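Work through the exercises below with the coordinates open. Try each task before reading its solution.

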Amino acid sequence: MKSISDKTFDELVEESIAIWETYDNEYRYVDEKRDRIASITNFKDNWLGIIQMFDAPNQEKLYARTENPEIKELIKIVRYPYEYDELI
């Protein structure tokens, strides 16, 4: 599986946490997601887990929110894996 640079990983973490923080945290669900994302390290394909924490509409929000073309490509890999067989 494709690994990514620390810079891209850190941007992905930052953008993902920012999306979770837009939701109501009454039951601490946001805290759980934020803490889980913050605990993930950049090792091999760990970036996959971050993107897969989101449903399709939130993956679209992440895609629209980031300006990093590598993150956009990673989201496409998660959403359309049949087009990226050589990377998986």
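Predicted model: local features only at pLDDT ≥ 70, side-chain atom pairs only at ≥ 80, totals over all residues.

**Exercise 1. Locate Thr 66 and decide whether it is buried or exposed.**

Step 1. Find the element. Thr 66 sits in the loop that joins helix H4 (56-65) to helix H5 (69-79).

Step 2. Check the accessibility. The relative accessible area of Thr 66 is 3%. The cut-off for buried is under 20%. Thr 66 is therefore buried.

Step 3. Look for polar partners. A polar atom of the Thr 66 side chain lies 3.1 Å from the backbone nitrogen of Asn 68.

Step 4. List the contacts, leaving aside neighbours within four places in sequence. Thr 66 then touches Ile 71 and Lys 72.

**Exercise 2. Find which residues of H4 are buried and what covers them.**

Step 1. Pick out the buried residues. In H4 they are Asn 58, Gln 59 and Leu 62.

Step 2. View H4 down its axis. The buried residues fall within an arc of 105 degrees, so they line one face of the helix.

Step 3. Identify the cover. It includes helix H1 (6-20), helix H3 (46-52) and H5.

**Exercise 3. Describe how H4 packs against H5.**

Step 1. Two packed helices are described by the angle between their axes and the distance between the axes.

Step 2. Read them off. For H4 and H5 the angle is about 160 degrees, and the axes are 9 Å apart.

Step 3. Classify. Angles over 145 degrees count as roughly antiparallel. H4 and H5 are therefore roughly antiparallel to each other.

Step 4. H4 and H5 cross in a left-handed sense.

Step 5. Name the residues that meet. From H4 they include Gln 59, Leu 62 and Tyr 63; from H5 they include Lys 72, Ile 75 and Val 78.

**Exercise 4. Describe how H1 packs against H5, then against H4.**

Step 1. Start with H5. The axes of H1 and H5 come within 10 Å and cross at roughly 70 degrees. That makes H1 roughly perpendicular to H5. The crossing is right-handed for H1 and H5. The contact uses Thr 8, Glu 11 and Leu 12 of H1, and Glu 70, Ile 71 and Leu 74 of H5.

Step 2. Turn to H4. H1 and H4 pack at about 125 degrees, with their axes 10 Å apart. That makes H1 oblique to H4. H1 passes H4 in a right-handed crossing.

Step 3. Name the residues that meet. Among them are Leu 12, Glu 15 and Ile 19 of H1, with Asn 58, Leu 62 and Arg 65 of H4.

Technical notes. Residues numbered from 1 in each chain as written. Heavy atoms only, no water. Helix = DSSP H or I, 4+ residues; strand = E, 2+ residues; numbered from the N terminus. Buried < 20%, exposed > 50% of the residue type's maximum accessible area, 1.4 Å probe, protein only. Polar contact = N/O pair within 3.5 Å; in protein donor to acceptor, adjacent residues only side chain to side chain. Contact = heavy atoms within 4.5 Å. Arc of directions from axis to C-beta. Axes fitted to C-alpha atoms, helices over the stretch in contact; angles between N-to-C directions. Parallel < 35°, antiparallel > 145°, perpendicular 65-115°, else oblique. Left-handed = near helix turned anticlockwise from the far one by under 90°.
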